[in-house]
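Please open the model in your viewer and keep the sequence beside it, for this tour goes from one selection to the next and says what is found at each stop.

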Amino acid sequence: MLQQILETMYIEPELLAELNEEQKQILFFKMRQEQIRRWKEREAKMEPKEKAPKTKNGKSVNWLLAADNDVWVWVMGEGPGDQPYDQICDEIIAERARQQAQKEAGELRKVKEKELIRRFSTSLRLESKGVRRQKEVEKEEATKAAAEQERIQMELKQKEEEERRRQEEEIKRLEEERTQQLYINLKEAQEMVQRNEKEDPEWRESLRKSKAADERRRSIAKQARADYKRHSLKAIERGKVSAMTQNFQNTPSPVKPPVPPRKNVINRKECNVRRDVQTQKSSENSHERIIRWFREQQIPLRAGYEKDSDVIAPWFHGVITRQETEELLGKKGAGGFLIRISERIIGYCLSYRSSDGFKHFLIDSSKDSYTFFGVDQLQHATLADLVEYHKEEPITLAGAELLLEACGQCRDPPDYAHLFN
């Protein structure tokens, strides 16, 4: 199951819903590992065996390395010399106010320029007409008239330049005042929003929950990686995988309890084929499919039995809901547990009563072994072996879930009776 997910990089929503937070984090960790592995593999294939010499205009990219010889990463706000949040906000507000004031000053400048050009153009035409009338009356003073016209034009030009300079100074003054006014308005609006948010009890509670959830997710992710490494080391130290596989194949199986007669004897390969066929038939009823899977594939593997015994284990339950499970475990103290057949997918779920509630761990049974989903290093030949192992070893370090007390049946007949009939 896990291998298929890593190959396709996709997990069914029903399966994802059955995973608890720790198993989701472990699955994410392994999928990320697989992505990195594929990336490195692709990079190795694309990289030429012998690097060609660089051309004169050749370009290359080298990553900046940190002190740990890994790629240097900068997180905004955490680096040395990074500005605090309030200062960054002030700079953004000031820049917005400056840009808005510049825009308004530009529009005012265009209006003033048009007015200035219109006014001095009119004055120049009037003065010119007066000079032409004077030329007609007094032709002998043509030279004086031309000089007078030139003088008038120079005076008008000087007045225009002086007026334009005064207007520009006025516009700059208005721009500075407008910038300061806009900055104050934006700052007050921001402070009002922040003040309203801080005074709003719902917002404060939402912020508190959000921070707590972020902290919890970071803690769970860190702990999930630690658990994954711990299980890997345990598997290596104790030789769990190879030893159990060899014992499972070489040790003669104990006497099996009577199994309902079937027309054809089904071996494990046939079971796997039927399992794949059943998975593809989405039109079949889910409950009936789960029961058929258990009868045809799990009973031959002695699922649910005590180790080396023909007795059904007290911790084993049939297809029961999560609500029914928690009602049963509610009568037990911390450390109470049971293993049930999942009502939604083909597989098992170990439900555990902790000091602060209930936890549900999906068990991967897609191979001829049993392991908590996402941690395929510790494979157990039977469900009983998994239970015995975790009576001494916690499921996760953070939760320290030791299986202390099995939660038995409260029904007569038991909830698994119809599975063996």
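Begin by selecting Ser369, which is buried, with a relative accessible area of 9%; buried means under 20% relative accessible area, exposed over 50%, and partly exposed in between, with a 1.4 Å probe and protein chains only. This is a predicted model, in which local features need pLDDT of at least 70 and side-chain atom pairs count only at pLDDT 80 or more, while totals for chains, interfaces and linings use all residues. Residues are numbered from 1 along each chain as its sequence is written, and side-chain values use heavy atoms, with hydrogens and water left out.

Ser369 sits in the loop between E4 and strand E5 (371-372), where helices (H or I, at least four residues) and strands (E, at least two) are DSSP runs numbered from the N terminus.

Next, select helix H10 (residues 322-329), whose buried residues are Thr325, Leu328 and Leu329. Seen down the axis of H10, these fall within an arc of 95°, taken from the directions from the helix axis to the C-beta atoms, so they line one face of the helix. The face turned away from this buried side carries the exposed residues Gln323 and Glu327.

Finally, select Phe294, which touches Ile299, Ala303, Phe316, Ile341, Tyr348, Leu419 and Phe420 (heavy atoms within 4.5 Å), not counting residues up to four places away in sequence.
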